[in-house]
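Reader: I am new to this structure and would like a close look at one part of it. Please take me through the aromatic rings and how they pair.

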Amino acid sequence: MADNTSDAESIPARAPTSRVGSASTSDRSGSAPGKGVGKARVIRSKSEVRERLLASARELFGEQGFSGATTRRIAERANVAESLLFRHFGSKEALFEAAVFEPLQRDFQSLLTRWQHYGENPQDSPLQSARDYVDSLYSVLLENRSLLMSAMTAQEHEILGTGDRRRDS
């Protein structure tokens, strides 16, 4: 028998709740009254769960920084169980790296690759090449400003190994 859940995960989602005064004493899953009432399971692929977590993490790390964004709030915003966050990433630090550093690295590498041979044509103006490069760099920085702010504020946290250590004067 094939395992149909190998690439899918069960995630709690909100379902319509019963009306007040309903004669029902349990929810659809058969649990005790008051436990999990109104909750159903939604099956999502592992890749969808991962993408939802990454998107939520990017938003919250951008809004609240590394220390302000909790794994619980990230999971809630992604509408997935917090345990799935740890199943996919192992730790908040690993999630931060996947959500913040990996996209930044990818975008900067893409910029460098595009510019690797730019200006080699002797007919290209060095001044125009410099302007084009600065415009391209500015666009990458602007597109990634919340990720960059998250990365810069992370230096004050253990994720980059500095923790609460005071800087030498």
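Author: A residue counts as buried when its relative accessible area is under 20%, as exposed when that area is over 50%, and as partly exposed in between. The model is a predicted one. By that cut-off Trp115 is buried, because its relative accessible area is 15%. Tyr133 has a relative accessibility of 30% and is therefore partly exposed.

These two residues form a pair. The ring centres of Trp115 and Tyr133 are 5.2 Å apart and the planes stand at 90°, which makes the pair edge-to-face, since planes over 60 degrees apart count as such. Trp115 belongs to helix α4, which covers residues 92-115, while Tyr133 belongs to helix α5, which covers residues 126-143. The pair therefore ties together parts that lie 18 residues apart in sequence.

In total, the structure has five aromatic pairs. Another of them joins Phe96 and Phe101, also edge-to-face, with 5.4 Å from centre to centre and 75° between the planes. Phe96 is buried, because its relative accessible area is 0%. Phe101, in contrast, is partly exposed at 26% relative accessibility.

Lys92 sits over the face of the Phe66 ring, 4.5 Å from the ring centre.

Terms used. Residues numbered from 1 in each chain as written. Predicted model: local features only at pLDDT ≥ 70, side-chain atom pairs only at ≥ 80, totals over all residues. Heavy atoms only, no water. Phe/Tyr/Trp six-rings, centres within 6.5 Å; stacked < 30°, edge-to-face > 60°. Buried < 20%, exposed > 50% of the residue type's maximum accessible area, 1.4 Å probe, protein only. Helix = DSSP H or I, 4+ residues; strand = E, 2+ residues; numbered from the N terminus. Lys NZ or Arg CZ within 6 Å of the ring centre and 35° of its normal.
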